[in-house]
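Please look over the sequence and the structure shown here before reading on. The report below takes up a few of the features in turn.

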Amino acid sequence: MSTAAAPVRSGAVLADLLPAVRHRYAVDTALVLGGAALTGIAAQIAVPVPGSPVPVTGQTFAALLIGTALGARRGFLSLALYALVGMAGVPWFAEASSGWSMPSLGYVFGMLLAATVVGALARRGGDRSVPRTAGTMVLGSAIIYAIGVPYLALSTGMSLSAAVAAGLLPFLVGDALKAALAMGLLPATWKLLGRRG
């Protein structure tokens with residue numbers, strides 16, 4: 001009798017490995033709600049950056065992890081729910097803020113797109129090795145900045161170069177640390193699950 005673990009099927013994301021249940025819709029709903037709540041909680045881990053209206057937060061890390069763990073569809077729905085509820089007035093954006101008029105709202109929109117893209121990449125194995133996870137996280141972060149920085153410039157009247165200085169450069173070291181954490185966490189989780197089969 002062989003005791004070798006069955007390989008984890010390709011095209012799966014971590015959430016797909018949850019035990020099969022009769023009411024998959026209920027599980028998916030719980031995952032989407034949980035992803036939105038986790039992002040809201042992570043947003044409260046916020047450190048102000050001198051000279052910038054955008055703080056360093058845990059929400060970008062949460063958004064990228066949610067996208068990779070849940071996949072594109074559930075990741076998109078989680079971040080869409082997070083964005084809509086926050087814009088409707090629930091104070092769970094960074095530093096307990098909410099609404100439509102924040103200069104950092106573009107980063108929230110960027111996270112929505114980034115979670116979708118990294119979720120699609122995760123379905124193609126973008127989170128199963130250290131190099132692939134690094135590429136996935138870098139791309140996700142780039143998407144967040146590609147939307148967040150121009151939005152910051154437009155909403156505050158800053159020049160694009162000033163918005164880059166205030167809304168991108170101070171965050172690169174933190175993003176590198178978040179990417180390194182993901183590079184250790186995600187492939188290790190897949191390896192562990194593959195052994196348990």
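Leaving aside its neighbours within four places in sequence, which residues is Leu79 in contact with? Leu79 is in contact with Thr39, Ala63, Ile66, Met111, Leu112 and Ala115, where contact means heavy atoms within 4.5 Å.

## Basis of the model

This is a predicted model, in which local features need pLDDT of at least 70 and side-chain atom pairs count only at pLDDT 80 or more, while totals for chains, interfaces and linings use all residues. Residues are numbered from 1 along each chain as its sequence is written, and side-chain values use heavy atoms, with hydrogens and water left out.

## Helix H3 and its surroundings

Helices (H or I, at least four residues) and strands (E, at least two) are DSSP runs, numbered from the N terminus. With 16 residues, H3 reaches 22 Å from its first C-alpha to its last, close to the 22 Å expected at 1.5 Å a residue, the expected span being 1.5 Å times one less than the number of residues. After H3 comes Gly89, whose phi is positive, near 125°.

The buried residues of H3 are Arg74, Gly75, Ser78, Leu79, Ala80, Tyr82, Ala83, Gly86 and Met87; buried means under 20% relative accessible area, exposed over 50%, and partly exposed in between, with a 1.4 Å probe and protein chains only. These buried residues pack against helix H1 (24-43), H2 and helix H4 (105-123).

## The packing of H2 with H3

Helix H2 (residues 59-70) and helix H3 (residues 72-87) pack at an angle of about 145°, with their axes 6 Å apart. Axes here are lines fitted to C-alpha atoms, for helices over the stretch in contact, and angles run from 0 to 180 degrees between N-to-C directions. On the side of H2 the contact is made by Gln59, Ala63, Ile66, Gly67 and Leu70, and on the side of H3 by Ala72, Arg74, Gly75, Ser78, Leu79 and Tyr82.

The residues of this contact divide into six nonpolar, four polar and one charged. In this division Ala, Val, Leu, Ile, Met, Phe, Trp, Tyr, Cys and Pro count as nonpolar, Asp, Glu, Lys and Arg as charged, and the others, Gly among them, as polar.

## The largest nonpolar core

A nonpolar core is a set of buried Ala, Val, Leu, Ile, Met, Phe, Trp, Tyr and Cys residues joined through side-chain atoms within 4.5 Å. Of the 47 residues in the largest one, Leu79, Tyr82, Phe93, Tyr107, Val108 and Met111 touch the most other members. At least two residues of this core are supplied by each of H1, H2, H3, H4, helix H5 (130-156) and helix H7 (172-196), and the largest share, nine residues, comes from H4.

## Residues in the loops

Gly58 lies in the loop between strand E2 (56-57) and H2, and it counts as buried because its relative accessibility is 16%. Not counting residues up to four places away in sequence, Gly58 touches Ala42 and Ile45; the C-alpha atoms of Gly58 and Ile45, 13 residues apart along the chain, are separated by 5.5 Å.

In the loop between H3 and H4, Glu95 has a phi near 60°, a positive value in a residue other than glycine, and Glu95 is partly exposed, with a relative accessible area of 46%. Ala96 is also found in the loop between H3 and H4; its phi, near 55°, is positive in a residue other than glycine, and Ala96 counts as partly exposed at 45% relative accessibility.
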